[in-house]
Amino acid sequence: MIKLLSIIIIYAGFCMAQFKSLDFKTDSALDIEIQKIVIDLELNKDFDVGEDGIEQISFALIDMNGESPILSGYNYKNFIYPASVYKMYVAAEVLHQISLGEYSLRTPYIIRTPNDVDKSKEISRDPRPLLKDGDTVTIEYLLDLMITRSDNSAANCLIDVATRPRINQMMHSYSWFGSEVTRKFLKRKFEDTGYDTIRSTETSALHAAEFLYRIETNQLINYWVSQQMKIFLGRQLDKSKLTEGFPPNTMMYHKTGWWSYWTHDVAIVDDGKVKYIIACFLPIEEEKAIPKMKTLANKVHELMKLRNH
């Protein structure tokens, strides 16, 4: 009882002692350069996303190379379906609860249907088997699968572990309203009561970029959570999107997402000389989006080097 009370008090303090809002500077010259890149790639238009209608990109950039971070981008406040990118929000709250002592990375977890949804691996070369009903794994194993392989079964399990109300309390504590985690990665008929009719999860490039900025500056919940998040994101197995456009010596800590019309990548980028945050959400099918992402990454990286040489 004493331990539980302590956790409640600590968690209440976390929610009440709201973290200082991020106050980024802007640069009109950088905005113009970013707009040029977007227009050159023909990303400045409406995209048909089937039954969901018309959508636009959501793109944010935070230049971290000067005395103060500078925010730029294109439509970065636009909310868009994030596909698997929102798994990083789930991971943050799981790690938060671990830091409170509620359980540990080594705590065992038993997989139960209907959470075991994956029938194939998102990254086929990953040797780890698909999760199935009855498997016992650790929370750390689930976190790594969810982030590095973008495993949907692992994500469903960890959404249950963290719970959506507490994930969203964490999101609200940073004023990331509109980016609530509303859905698991399964059909609505298998959803928990109350979540079977709720809107799909959305986020914006601005919120994703702020999330990564807090990780890089150790301001996401606490130092331990920030560092753990960076470790998991640094082990990302999907190298098919923005990664293709960066020099080979570039370190990326990122989460990708793709499904149907949606292709996304959000990253902390550091080549030892320039460092920045990039959040790219494209309402475009993967095969069409990947070449654009490669060019976008290359142009943005060259711009960052030119600005900060």
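**Burial, cores and pocket**

Q: What makes helix H5 (residues 152-162) largely enclosed by the rest of the structure?
A: This model is predicted. In H5, 10 of the 11 residues are buried, so the helix is largely enclosed by the rest of the structure. The buried residues include Asn152, Cys157, Leu158 and Ile159. Their cover includes H3, strand S6 (108-110), H4 and helix H6 (164-173).

Q: Why is Tyr253 called buried?
A: Buried means under 20% relative accessible area. Tyr253 has 16%, so Tyr253 is buried. Tyr253 belongs to strand S9. Leaving aside residues up to four places away in sequence, Tyr253 touches Lys230, Leu233, Gly234, Val266, Ala267 and Ile268.

Q: How do you know that the length of helix H8 (residues 223-234) agrees with its residue count?
A: The expected span is 1.5 Å times one less than the number of residues. For the 12 residues of H8 that gives 16 Å, and the end C-alpha atoms are 16 Å apart, so the two agree.

Q: Which residues of H8 are buried, and what covers them?
A: Val225, Ser226, Gln228, Met229, Lys230, Phe232 and Leu233 are the buried residues of H8. Their cover includes helix H3 (87-99), helix H4 (139-148), helix H7 (205-216) and S9.

Q: What makes a set of residues a nonpolar core, and which members of the largest one touch the most others?
A: Membership takes a buried residue of a listed nonpolar type, joined through side-chain atoms within 4.5 Å. The largest nonpolar core has 66 residues, and Leu143, Phe211 and Met229 touch the most other members. Another core lies apart from it, with 30 residues, among them Ile34, Phe47, Phe59 and Tyr74. In soluble globular proteins, nonpolar side chains tend to be buried together.

Q: What does Leu143 touch?
A: Contact means heavy atoms within 4.5 Å. Beyond four places in sequence, Leu143 touches Ala91, Val94, Leu95, Leu105, Leu158 and Phe232.

Q: How much space lies in the largest pocket, and which residues are closest to its centre?
A: The largest pocket holds about 1,000 Å³ of space. It is lined by 37 residues, and Tyr81, Lys184, Phe185, Leu186 and Trp259 are the closest to its centre.

Q: What makes up the lining of the largest pocket by class, and which strand gives the most?
A: The lining has 15 nonpolar, 9 polar and 13 charged residues. S9 gives the most, with 3 residues. Strand S2 (54-55) and strand S9 (251-259) each supply at least two.

Key: Residues are numbered from 1 along each chain as its sequence is written. This is a predicted model: local features need pLDDT of at least 70, side-chain atom pairs count only at pLDDT 80 or more; totals for chains, interfaces and linings use all residues. Side-chain values use heavy atoms; hydrogens and water are left out. On a 1 Å grid over the protein atoms alone, a cavity is a set of points where a 1.4 Å probe fits but cannot get out, and a pocket is an open set with protein on both sides within 12 Å along at least five of seven lines; lining residues have an atom within 4 Å of a point. Grid points are joined across faces, edges and corners, and a volume is the space filled by probe spheres set on the points. Helices (H or I, at least four residues) and strands (E, at least two) are DSSP runs, numbered from the N terminus. Ala, Val, Leu, Ile, Met, Phe, Trp, Tyr, Cys and Pro count as nonpolar, Asp, Glu, Lys and Arg as charged, and the others, Gly among them, as polar. Buried means under 20% relative accessible area, exposed over 50%, partly exposed in between (1.4 Å probe, protein chains only).
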